[in-house]
Amino acid sequence: MMPRLFLLAQAMPLDPGGHNILHPAAPQGGHIEWLYWVIFWICFVVYVLMIIGYTRAAAKSKSDAIYPLPVFEDKEGDQRAKWAVGTAVAVTVVTLFVVLVLSVVTGKKAAGLSSKNPVTIQIIGHQWWWEVVYPNPQADQTVTTANEIHVPVNTPVVVLTNSTDVIHSFWAPNITGKRDLLPGYSSAFWFNIQQPGTYRGQCAEFCGLQHAHMGFSIIAQSVDDFQAWEQQQLKPAPEPTNDETKRGREVFLTRACLMCHTIRGTDAGARMGPDLTHLASRNMIAAETLPNTRGALAGWILDPQRIKPGAEMSPNSLAPDDLQALLAYLQTLQ
Amino acid sequence: MRSNLQLGLTLGAFAVVAVLMSCSRETRIFRQPPPANQTFNTVQVSGLNPGANSIPTPPPGNMYQESAYAVSEGQKLYEQYNCVGCHAHGGGGIGPPLMDNNWIYGSEAGNVFTTIMQGRPNGMPSFRNRIPEYQVWEIAAYVRSMAGLLPKGVSPGRPDHMRVKPSESSTPPQKPTGITGSPEQHQ
């Protein structure tokens, strides 16, 4: 039993710090956490009072009651009961109104913080992954990536949302509340992360078969690290240097890959799937489903329908040599 | 009298349950059967050929031609793989129209499959090795549905954004038209 528990603890860390509304890393998340605790304590007090009331009533009632209960008039008692019930209803209504007002005030606070010199990010929901674009008036300075959102700390980040197919919802519990991504309709919200770290997020609006496997991560870095990352992402894919990686690029450009994916610097320029120009710089693949290792990548390329049934990526039958060359090439895309 | 009513109700309920039990949801195939070790490899430009017919036959059970899911997947792929770039939404443009009844290279699913797989003279590129075979069958099924060659039950409707008139739910309420005269006259 003990070793099993130990394994469980290893697999499932007890402190889900990267996906937790109780560890806010942004002022928006802080407001939401505050509201959470206010409502929690109100509910706790109500619960304790109810339990005390029930216990007292249970202790008072006599077990040797006569059935049917005798009917007798007790005007004074009725009056007291009326007062008690009336007061309880009034207190409940007032409490609910207080919670309502606090919710509205918190929503205003979370949305209304001032944002100056923000970093703008466009997040586009797809079934079942997130396209992340850092738009720039100069087209060749636009960064496109997927599922891993790099942001600088202590800088306002404005997020423009959109979706290509159905309604998705962007939810990073440590950062801010849920935001729906509506197809054909762009809305905006913003956050400002104060602690560097990696925060996990998840689609929070049921969007089809692989809704549960539609995760993302927000990587908050110092401004310098963020700019270095952005400069690296702006580069086109590195040229293959040896025979194997050259063959890998050949495989990529002659098989089904190029029908959906982009690798900037090559002929592959389709926009259906994630941009793979800097695939090897990401920690996870398949929308935070698999670690970005050679083995996981191979499994994903060969049979994605086993890992995420219904996903847009089709299975590929590649000869072993072709697959190894392709993997070697994809791993050079830093 | 009462027992007759009860019997009738019971039988009716049984009938309803029996009818409902015969309903089955169309199965969706996510893991496609592996390609049949590249049986399809011949370059063929004409339907005329000596010997047996060498047009590839659709997979058994017509699983792509009779499944609404497969045809709608084909519709999605038709857009994603940019068939619309030349054929538009069936009306044609650079490429020939697909929603009419003229089939230059044959209207069978196997003909359309061959056209996509090996291309045709005057512009149709070959998508062999680019699009997996099962997706080509799905696209072929959708192409045939545009010309009305598939049962109506599996053919997808035109996409919303292509409607000449917006759907009723997205138009503002209008007063009924066609009423002549004032209400008083009718009384």
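Analyst: Two residues are in contact if their C-beta atoms, placed from the backbone, lie within 7 Å. Among contacts in chain B between residues at least 6 apart in sequence, 65% join residues at least 24 apart. This is a predicted model, in which local features need pLDDT of at least 70, side-chain atom pairs count only at pLDDT 80 or more, and totals for chains, interfaces and linings use all residues. Residues are numbered from 1 along each chain as its sequence is written, while chains are lettered from A and ligands numbered from 1 in the order in which they are written.

User: How many helices and strands does chain B have, and what counts as one?

Analyst: Helices (H or I, at least four residues) and strands (E, at least two) are DSSP runs, numbered from the N terminus. By that rule chain B has 6 helices and 0 strands. Its pattern along the sequence is α-α-α-α-α-α.

User: What is the average confidence for chain B, and which of its elements have the lowest and highest mean pLDDT?

Analyst: pLDDT is the predictor's confidence in each residue, from 0 to 100. Chain B averages 78, and 68% of the residues score at least 70. Where pLDDT is low, the predicted coordinates should not be read in detail. For the complex, the predictor gives an ipTM of 0.72 and a pTM of 0.77.

User: Is Asp243(A) buried or exposed, and how do you know?

Analyst: A residue is buried if 20 or more other C-beta atoms lie within 10 Å of its own, exposed if 12 or fewer, and partly exposed in between; the C-beta atoms are placed from the backbone. Asp243(A) has 10 other C-beta atoms within 10 Å, so Asp243(A) is exposed. This residue lies in helix H5 (residues 243-254) of chain A. Asp243(A) and Tyr329(A) are 86 residues apart in sequence, and their C-alpha atoms are 10.0 Å apart in space. By the burial count, 20% of the 187 residues of chain B are buried.

User: What makes E1(A) and E5(A) a pair, and in which sense do they run?

Analyst: Two strands pair if DSSP finds at least two bridges between them. Strand E1 (residues 119-126) of chain A and strand E5 (residues 157-163) of chain A have 7 bridges, in the parallel sense. Ile124(A) has Asn162(A) as its bridge partner in E5(A). E1(A) also pairs with strand E2 (residues 129-134) of chain A, in the antiparallel sense over 5 bridges. There, Ile124(A) stands opposite Glu131(A). E1(A) and E2(A) form a hairpin with 2 residues between them.

User: Why are E3(A) and E8(A) called edge strands?

Analyst: The sheet is open, has 5 strands in the order E3-E2-E1-E5-E8 (chain A), and its pairing is mixed. Strand E3 (143-146) and strand E8 (187-191) of chain A each have a single partner strand, so one side of each is left without a neighbour in the sheet. For E3(A), the pairing with E2(A) is antiparallel over 4 bridges, and Tyr134(A) has Val143(A) as its bridge partner in E3(A).

User: What strand order does the sheet containing E6(A) and E9(A) have, and over how many bridges do these two pair?

Analyst: The order is E4-E10-E9-E6-E7 (chain A), an open sheet of 5 strands with mixed pairing. Strand E6 (residues 168-171) of chain A and strand E9 (residues 197-203) of chain A pair in the antiparallel sense over 2 bridges. Phe170(A) stands opposite Cys203(A) in E9(A).
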